[in-house]
Amino acid sequence: MKQYIIGIDVGGTNVRSGLFDGNMQCVCRHHFAMDQELEPDELIALLTNHAHELMEEAGVSQDQIRGVGAAFPSYIDYEKGVLLETSNIFPLNNVPIRSMLSDALQLPVWIDNNANTAALAEHRMGAGRGYSSMVYATVATGVGGGLILNGQLFRGMHGMAGEIGHMFVSDSTGYPCGCGVAGCVQSISSGTSMARYAMDRIKEGMESRILDYAGTLSKIDMIAVGKALNDRDTLAMEVVSRGAEYLGRMFHSINLILDVNVFVYGGGVIKLGNEFVRRFIGAYRRYSLTEARFPATFLKAELGDDTGIIGAALLVPENA
């Protein structure tokens, strides 16, 4: 009887994979660094080898696998199974990855964007359980998201729904973004942009414990900002307040467009802690037109590092 599923989450820096039983319990998992220069056939070979290693480790044969779900940091033609565009992993652009992986594994494969799969995981098995609609937002190196509407993952007409990080929120601030504009949420509130803002303010002459923790300007990151924030450092507070303000505006706009006010948030920048979370929720509530009557629910993502592989595995239909 086929009762196992493999979930694979391909990120820009890491690849995670896991083998799940019929109750969606992870039997075993692997984690390895992603080489962004791999050609598609090399990546397929790597993913295939790791899938076989998972099966071998768990003592599971191939005929016990119902299917494989795989998530990629890409715009995806879901119906055709083609990666249309993948940030920072250019060899994967316009690659029919689903058919390639399916042929290599000799198993049915489903693929999707990894923000979508994270939303699916948190809705089915994480913080979003019990809500018919929710928005998942991840604040990390970039800002991304996924939409669950009326119990279903919403991909849009071209598989590009949920790109909330590229919502335009300012015409006066922000760094140039890969989407082509400065002033989208990602250009202001992502970990990359917030760290860059801290660096620029220090270059302008502002003193800060951030530099003490980073060591050099080039090594300023959100870990250093977070440590300085714990010291109530003035610049760290400014960096966090600025990033949170525009995240709050993003959530407000999403609420107006979709009439959804359940937000699940995750990602590395959230590790800044309650000061950051309190500020972006506060910004949302200041702008919200519906807060008095329909208060929003903000929930921290629960599934941690397993979010991607759980969501990828959930792509495999129950009747597969």
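Predicted model: local features only at pLDDT ≥ 70, side-chain atom pairs only at ≥ 80, totals over all residues.
**Entry 1: His-123**

I began with His-123 and found this residue in helix H3 (residues 114–125). For helices I take DSSP runs of H or I with at least four residues, and for strands runs of E with at least two, both numbered from the N terminus. Residues are numbered from 1 along each chain as its sequence is written, and side-chain values use heavy atoms, with hydrogens and water left out.

Is His-123 buried or exposed? I find His-123 buried, at a relative accessible area of 13%. Buried means under 20% relative accessible area, exposed means over 50%, and partly exposed lies in between (1.4 Å probe, protein chains only).

I then listed what His-123 contacts, leaving aside its neighbours within four places in sequence. The partners are Gly-128, Arg-129, Tyr-131, Ser-132, Met-134, Ile-148 and Gly-151. Contact means heavy atoms within 4.5 Å.

**Entry 2: His-50**

I turned to His-50, which lies in helix H1 (residues 40–58). His-50 is buried, with a relative accessible area of 14%. Not counting residues up to four places away in sequence, His-50 touches Ser-17, His-30 and Phe-32. I also checked Arg-16: His-50 and Arg-16 are 34 residues apart in sequence and 9.5 Å apart in space, C-alpha to C-alpha.

**Entry 3: the sheet**

In what order do the strands of the open sheet run? I read 5 strands in the order E3-E2-E1-E4-E7, with mixed pairing. Two strands pair if DSSP finds at least two bridges between them. Strand E3 (26–33) and strand E7 (109–113) are the edge strands, each pairing on one side only. The twist averages 15° from one strand to the next. Axes are lines fitted to C-alpha atoms, for helices over the stretch in contact, and angles run from 0 to 180 degrees between N-to-C directions.

I followed strand E4 next. Strand E1 (residues 4–10) and strand E4 (residues 65–72) run parallel and are joined by 6 bridges. Asp-9 has Ala-71 in E4 as its bridge partner. Gly-7 stands opposite Gly-69 in E4. E4 and E7 also run parallel, joined by 5 bridges. Here Ala-71 has Asp-112 in E7 as its bridge partner. How many residues of E4 are buried? I count 8 of its 8 residues as buried, and E4 is mostly covered.

**Entry 4: helices on the sheet**

I looked at helix H10 (residues 307–314), which lies across E1, strand E2 (14–20), E3 and E4. H10 runs at about 130° to E1.

**Entry 5: H1 with H2**

H1 and H2 pack at an angle of about 45°, their axes 10 Å apart. That makes H1 oblique to H2. Angles under 35 degrees count as roughly parallel, over 145 as roughly antiparallel, 65 to 115 as roughly perpendicular and the rest as oblique. The crossing of H1 and H2 is right-handed. A crossing is right-handed if the near helix is turned clockwise from the far one by less than a right angle, and left-handed if anticlockwise.

I noted the residues that meet: Pro-40, Asp-41, Ile-44, Leu-47, Thr-48, Ala-51 and His-52 in H1, and Ile-97, Met-100, Leu-101, Ala-104 and Leu-105 in H2. By class, this contact of H1 with H2 has 9 nonpolar, 2 polar and 1 charged. Ala, Val, Leu, Ile, Met, Phe, Trp, Tyr, Cys and Pro count as nonpolar, Asp, Glu, Lys and Arg as charged, and the others, Gly among them, as polar.

**Entry 6: H8 and its partners**

I took H5 with H8 next. The axes of helix H5 (residues 191–203) and helix H8 (residues 234–258) come within 10 Å and cross at roughly 140°. H5 and H8 are therefore oblique to each other. Their crossing is right-handed. Met-194, Tyr-197, Ala-198, Arg-201 and Ile-202 in H5 meet residues of H8 including Leu-235, Glu-238 and Val-239. The contact of H5 with H8 has 7 nonpolar, 1 polar and 3 charged residues.

Last, I checked H8 against helix H9 (residues 274–287): the axes come within 7 Å and cross at roughly 45°. H8 passes H9 in a right-handed crossing. Among the residues in contact are Met-237 and Phe-251 of H8, and Phe-276 and Tyr-287 of H9. The contact of H8 with H9 has 10 nonpolar, 5 polar and 5 charged residues.
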